[in-house]
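Please read it alongside the sequence and the model.

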Amino acid sequence: MSIVSKPEESGIQNSQRLDLRAASGGGIFDYAPAPESVRPEIADQYGLFIDGDFVEPEGGTRFATINPANEDTLSMIGETSTSDVDRAVRAAREALPKWAGLSGKDRGKYLFRIARRMQERARELAVLETLDGGKPIKESRDVDVPLAAAHFFYHAGWADKLRYALPGRNPQPVGVCGQIIPWNFPLMMLAWKIAPALACGNTVVLKPAETTSLTALRFAHICQEIGLPKGVVNIVTGAGDTGKAIVEHTDIDKIAFTGSTAVGKAIARAAAPTDKRLTLELGGKSANIIFEDASLDQAIEGIVEGIYFNQGHVCCAGSRLFVQESIMDRVIDKLTDRLATIRVGDPMDKNTDIGAINSKEQLATINRYLDAGEDEGAVRHDVCPSTLPEKGYWCKPCFYTGVQPSHTLSREEIFGPVLAMLSFRTPDEAISRANNSPYGLAAGVWTDKGSKIFDVAKKLDAGIVWLNAYNKFDPTSPFGGYKESGFGREGGRHGLMAYCK
Ligand code: NDP
């Protein structure tokens with residue numbers, strides 16, 4: 001069911017609202033197309049990156065990686081077998097003594113070179129990320145790639161200063177690290193994992209997600225171009241079984257995993273009887289709390305940034321919105337108007353706000369949640385006017401009102417552009433409702449009262465709390481969760497600890 005808010009309450013007339021919608025839906029104010037023109041070279045097929053070279057997967061099998069915006073096959077990716085994983089681990093083990101034995105200053109130089117090369121190839125990396133993953137080019141260009149490079153710059157700076165990062169200790173590398181990452185921020189997650197590991201003198205075997213291998217493989221080229229010693233970084237492509245083979249390999253010293261809570265729990269079980277170190281960055285159902293004294297227009301942008309960024313494929317997405325009861329109607333009206341200007345469509349168009357859903361499977365998952373929301377009695381506000389392309393996987397941004405804390409929509413991670421809106425009356429009620437979740441990754445608080453903002457922030461069970469902001473990332477700031485959102489931190493000084501003994 002779709003509803004439109006009452007015009008007299010929002011202060012905006014229906015005719016004006018229709019104009020706003022025309023602005024993005026194909027009316028007189030429509031945008032001209034602004035396609036990204038760069039088309040990077042994509043090989044017909046890729047091998048695995050082991051010991052500094054691209055090698056054939058042992059079984060010779062490959063799987064297709066497709067563009068989710070048009071379902072075209074982009075390339076065929078090598079399927080890594082258990083014995084390929086073993087090859088990669090052996091290469092990482094052999095490379096370890098020399099890499100760990102380099103001075104921090106020399107290791108730092110390699111990291112600086114990687115960062116510089118990523119900047120030089122930024123446009124190509126951004127286009128690859130968008131083609132393979134479906135995210136809008138303006139996000140991969142302005143967020144993913146710059147942040148990935150920033151992580152290498154930041155950790156290059158730490159490489160010769162580890163004694164100061166961990167004062168009173170003599171930090172040593174952990175050893176060979178198995179790293180498994182998801183599809184929502186492929187290059188950025190790679191940087192979060194590889195940069196601190198290398199800075200601290202470890203070697204790595206990294207598996208990208210099955211649907212988004214292309215930027216990791218292009219990163220392998222960068223490792224070759226900058227002359228990174230062979231075996232320090234190994235990239236093995238494949239599906240869940242490849243990840244499992246990494247987790248179960250007996251010569252890996254540490255597992256760093258980012259992904260779903262279900263798989264994270266399976267990895268924790270597998271690692272428990274071993275002496276492997278483990279860090280888990282898992283799912284979330286983060287609360288974005290808007291108090292009645294907040295600057296509302298700013299908060300609306302924070303809501304949009306919180307849940308619709310990257311199609312909602314964000315572990316820390318502000319997917320539960322808590323609005324103080326007195327301003328609920330105004331927030332609904334303003335959000336309705338804002339969604340009327342959001343453009344969903346071709347991710348390669350520079351004006352696109354929301355691109356394609358990463359895969360057919362993820363779209364089916366989101367659709368199941370949309371149905372569950374209505375079955376449980378919540379009201380869906382489907383107010384984005386964009387016309388969706390015929391091919392590809394698409395989901396318009398929407399929000400639900402009438403959501404109860406017991407509803408599936410407010411308990412489970414959807415990983416799509418779907419917002420559950422709930423209300424509260426007092427700060428204590430906001431805190432207890434926000435903390436009523438098995439997850440504890442992130443939160444946002446919007447108010448113009450300084451004392452309230454700090455008081456609420458410190459009572460929230462969340463690894464990251466943004467104050468009058470949302471989804472702001474920086475390599476200097478540690479990121480990680482509580483409860484079923486995992487343990488361990490990535491970024492900042494804290495992130496180094498996971499890669500040092
Ligand atoms: P999955 O857990 O399904 O997959 C994550 C990675 O693990 C992929 O590379 C996947 O391979 C691999 N994998 C799958 N099964 C296994 C297994 N049994 N053993 C080892 N590795 C395995 O998550 P998604 O890819 O669906 O990613 C979305 C999830 O990631 C969300 O829950 C999200 O919240 C979370 N996430 C958390 C972040 C954080 O920092 N806390 C950041 C980003 C995402 P393949 O894809 O090839 O199947």
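Helices (H or I, at least four residues) and strands (E, at least two) are DSSP runs, numbered from the N terminus. This is a predicted model, in which local features need pLDDT of at least 70 and side-chain atom pairs count only at pLDDT 80 or more, while totals for chains, interfaces and linings use all residues. Residues are numbered from 1 along each chain as its sequence is written, and side-chain values use heavy atoms, with hydrogens and water left out.

**Two single residues**

- Proline 478 sits in the loop that runs between β17 (464–467) and β18 (482–483).
- With a relative accessibility of 26%, proline 478 is classed as partly exposed; buried means under 20% relative accessible area, exposed over 50%, and partly exposed in between (1.4 Å probe, protein chains only).
- Between the C-alpha atoms of proline 478 and glycine 302 there are 21 Å, and the two residues are 176 residues apart along the chain.
- Serine 75 belongs to strand β4 (residues 73–78) and is buried, at 1% relative accessibility.
- A polar atom in the side chain of serine 75 is 3.2 Å from the backbone oxygen of aspartate 44; a polar contact is a pair of N or O atoms within 3.5 Å, where within protein one must be able to donate a hydrogen and the other to accept it, and residues adjacent in sequence count only if both atoms are side-chain atoms.

**Pockets**

- On a 1 Å grid over the protein atoms alone, a pocket is an open set of points with protein on both sides within 12 Å along at least five of seven lines, a cavity is a set of points where a 1.4 Å probe fits but cannot get out, and lining residues have an atom within 4 Å of a point.
- Grid points are joined across faces, edges and corners, and a volume is the space filled by probe spheres set on the points.
- The volume of the largest pocket is about 1,200 Å³.
- Its lining counts 48 residues, and Pro182, Trp183, Ala209, Ser260 and Val263 are the closest to the centre of the largest pocket.
- Two or more lining residues of the largest pocket come from each of β3 (62–66), α10 (240–248), β8 (254–258), α11 (261–271) and α14 (360–375), and α11 gives the most, with 6 residues.
- By class, the lining of the largest pocket has 25 nonpolar, 14 polar and 9 charged residues; Ala, Val, Leu, Ile, Met, Phe, Trp, Tyr, Cys and Pro count as nonpolar, Asp, Glu, Lys and Arg as charged, and the others, Gly among them, as polar.
- The second largest pocket, of about 280 Å³, is lined by 13 residues, with Lys138, Glu139, Glu305, Phe309 and Asp353 closest to its centre.
- At least two lining residues of the second largest pocket come from each of α6 (137–158) and α12 (296–308).
- The lining of the second largest pocket divides into 6 nonpolar, no polar and 7 charged residues.

**Ligand surroundings**

- There are 28 residues around the ligand, and Ile181, Ser260, Leu282, Cys315 and Glu413 come nearest; a residue is near a molecule if one of its heavy atoms lies within 4 Å of it.
- Oxygen atoms of the ligand lie 3.1 Å from a polar side-chain atom of tryptophan 183 and 2.6 Å from an N or O atom in the side chain of serine 260.
- A nitrogen atom of the ligand is 2.6 Å from a backbone N or O atom of leucine 282.

**Cavities**

- The whole structure has 6 cavities of 30 Å³ or more.
- The largest cavity holds about 90 Å³.
- Among the 16 residues that line the largest cavity, Arg320, Ala434, Tyr439, Ala442 and Asp461 are nearest its centre.
- Elements α16 (427–435), β15 (439–440) and β16 (442–446) each give two or more residues to the lining of the largest cavity.
- The second largest cavity has about 70 Å³, and of its 14 lining residues Val314, Ala317, Ser319, Glu413 and Phe415 are nearest its centre.

**Cysteines**

- The model has 0 disulfides, a disulfide being a pair of cysteine sulfur atoms within 2.5 Å.
- The closest cysteine sulfur to that of cysteine 200 is in cysteine 500, and the 3.5 Å between them is too far for a bond.
- Cysteine 398 is in no disulfide, and the nearest cysteine sulfur, in cysteine 395, is 6.0 Å away.
- Cysteine 200 is buried at 2% relative accessibility, and cysteine 398 is buried with a relative accessible area of 1%.
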